[in-house]
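I set down here, in order, what I looked up in this structure.

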Amino acid sequence: MAGRMLDAGLDLLDRQILDSNDTPVGKVDDLEFTLDDYGRAVVTSLLLGPLVLGPRLGGHLGAWVVGIGRRLRPDGDPEPARISIDDVREFGSTVKLRIPVEDTGTQALETWLRTKIVLRLPGATHEAQ
Amino acid sequence: MKRLLGVTLGILTAIGGFVDIGDLVANSLTGARFGMSLAWVVIVGVIGIIVFAEMAGRVATVSQRPVFDLVRERLGARTALVNLGASFFVNFLTLAAELGGVALALQLATSVNYLLWVPIVAFLLWVVIWHWKFETMERVYGLLGLALLGFIVALWKLGPDWSTLFSNATHPSVPHGEGHPTWFYYAIALFGAAMTPYEVFFFSSGAVEEKWTTKDLMTSRLNVYIGFPLGAVLSLSIMACSAVVFQPHGIQVDHLGQVGLPVSIALGKLGLAAILLGFFAATFGAAIETSMSAGYTIAQYFGWAWGKLVRPAQAARYHTVVLLTLFAATGLALSTIDPVKVTEYSIVLSAAALPLTYFPILVVANDRQFMGSHVNSKFTNGIALIYLLIILVVSVATIPLMLATKAGM
């Protein structure tokens, strides 16, 4: 997707991210820019999660979101979840990835809740309806 | 033939599904206190929910994106989060009210105190949400809810003076001894009961989950256009029953048992049994919808996997939110707080919170980039804008009226 011009605020932020099987991954909560050789800011990653969403919201609300996000990190990793722009297949009304959700490294809370709570309840793997 | 059956079932489901604890309480209470003088609000409310549900269903079908996904994209992350907080809170109150309603219906049937039923009902709710198919849930509770049609039979059996009822409804005036603020406060309660936001969260999420196409759009429109008005007729008959039996004696309705009393007077034990079944089905069905809506709103804001089309293990965060919300609502219902009072607050606050979801849907329904040729027609927009105005006025007036009337005292 290199070199395409998009309005980052309008065309990227807060869009739904879907994986290669159209499974929801999360929202584009923030963007990571890197300066290229010509000194231009280029989007290199999509950032996900309350740790990056909070600062964007600002104020008490933002601090609160970050606080909750910290407590909900099962692995204690201080880095926000990150998806490289190279893994993006398509920008549209949703952002579609080339890779499956398991390979994005963004699902720490989902995995933790799955193994600690949901899979322990009877019938958690019954057929999708 | 199969299609016809689908449409018929859908319409029947919509009638049963239209009425929940809010409608039961609001219609019966206003009927007893104000006669038919607030019947016009039910009509205004049902046209409103038809416009809103049709737009939300169309937006979800065409864009394949449910309400809160679009709310965040349209309003921005911050405003949408505040919106999420308010919507989630109102939905939570509604869930607690429905939970109390189911337990009260069981108390009326068994004489076992409702507080003992609350945890059992909550557990049953979770089992149904966890194990049943979407369509099965909708149909079973919608169809059982048709038992509420007993109110129409009861009204006919009570043999009221139809022309007086009709003229009271068509020439609304504030009954003697009641103030205008109280009258308008209960008008808002009725409006909120007819236009509860969770109906729209549930409807639009269902459309996305069941992967509706434009072909399904016709079926859903028929359900909405026929089922909801018939549901409103049911609401009006509850109001009329109450107006006939209670108003002449100045009796106020403040228990769910009183809501069904006109039916047992008119139809005896069998009628009462049918009505209790209807109470149970209508409130249980609504409790399912509000539980799932709690998960929908949060999961859709944060972009998580949600719903019943994936295995529960694939939507762990969604199911955890549903489970925790259900726990908290059970706690509130068990706090011995009066379920009828919780219901009153939940419908009034629903009315106040309506613009939060109505406005973004109206904007997206007019966005050609999303909707293509399925954008709102001029006619739809005309009505939708009138309702935007009504909803805004109601929203602004709610809290002052609540304070001025001490919540309708």
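Entry 1, cavity lining. I noted that α2(B) gives the largest share of the lining of the largest cavity, 4 residues. I took helices (H or I, at least four residues) and strands (E, at least two) as DSSP runs, numbered from the N terminus. The model is predicted, so to speak of local features I needed pLDDT of at least 70, and side-chain atom pairs counted only at pLDDT 80 or more, while totals for chains, interfaces and linings use all residues. Residues are numbered from 1 along each chain as its sequence is written, chains are lettered from A in the order in which they are written, and side-chain values use heavy atoms, with hydrogens and water left out.

In chain B, α2 (21–34), α10 (180–194) and α15 (339–365) each supply at least two residues of this lining. Among the lining residues I listed B:Val25, B:Leu29, B:Tyr185, B:Glu344 and B:Val348. By class I recorded 8 nonpolar, 1 polar and 1 charged residues; Ala, Val, Leu, Ile, Met, Phe, Trp, Tyr, Cys and Pro count as nonpolar, Asp, Glu, Lys and Arg as charged, and the others, Gly among them, as polar.

The largest cavity holds about 50 Å³ of space, and I counted 7 cavities of 30 Å³ or more. A cavity is a set of points on a 1 Å grid over the protein atoms alone where a 1.4 Å probe fits but cannot get out, and lining residues have an atom within 4 Å of a point.

Chain A contributes 34 residues to the contact and chain B 33 residues, contact meaning heavy atoms within 4.5 Å. Between them the chains bury about 2,900 Å², 56% of it on carbon and sulfur atoms; this is the accessible area (1.4 Å probe) lost on being put together, summed over both.

I found 5 across the interface of chain A and chain B, each a side-chain nitrogen of Lys or Arg within 4 Å of a carboxyl oxygen of Asp or Glu. One salt bridge joins A:Asp14 to B:Arg72 (2.7 Å, N to O). A:Asp14 also forms a salt bridge with A:Arg56, at 2.9 Å between the closest N and O atoms. A:Arg56 lies in helix α2 of chain A and A:Asp14 in the loop between α1 (8–12) and β1 (16–18), so the pair ties together parts 42 residues apart in sequence.

Methods: 1 Å grid on protein atoms, 1.4 Å probe; cavity = no way out; pocket = protein on both sides within 12 Å on 5 of 7 lines; lining within 4 Å. Points joined across faces, edges and corners; volume = space filled by probe spheres on them. Buried area = accessible area lost by both parts, 1.4 Å probe.
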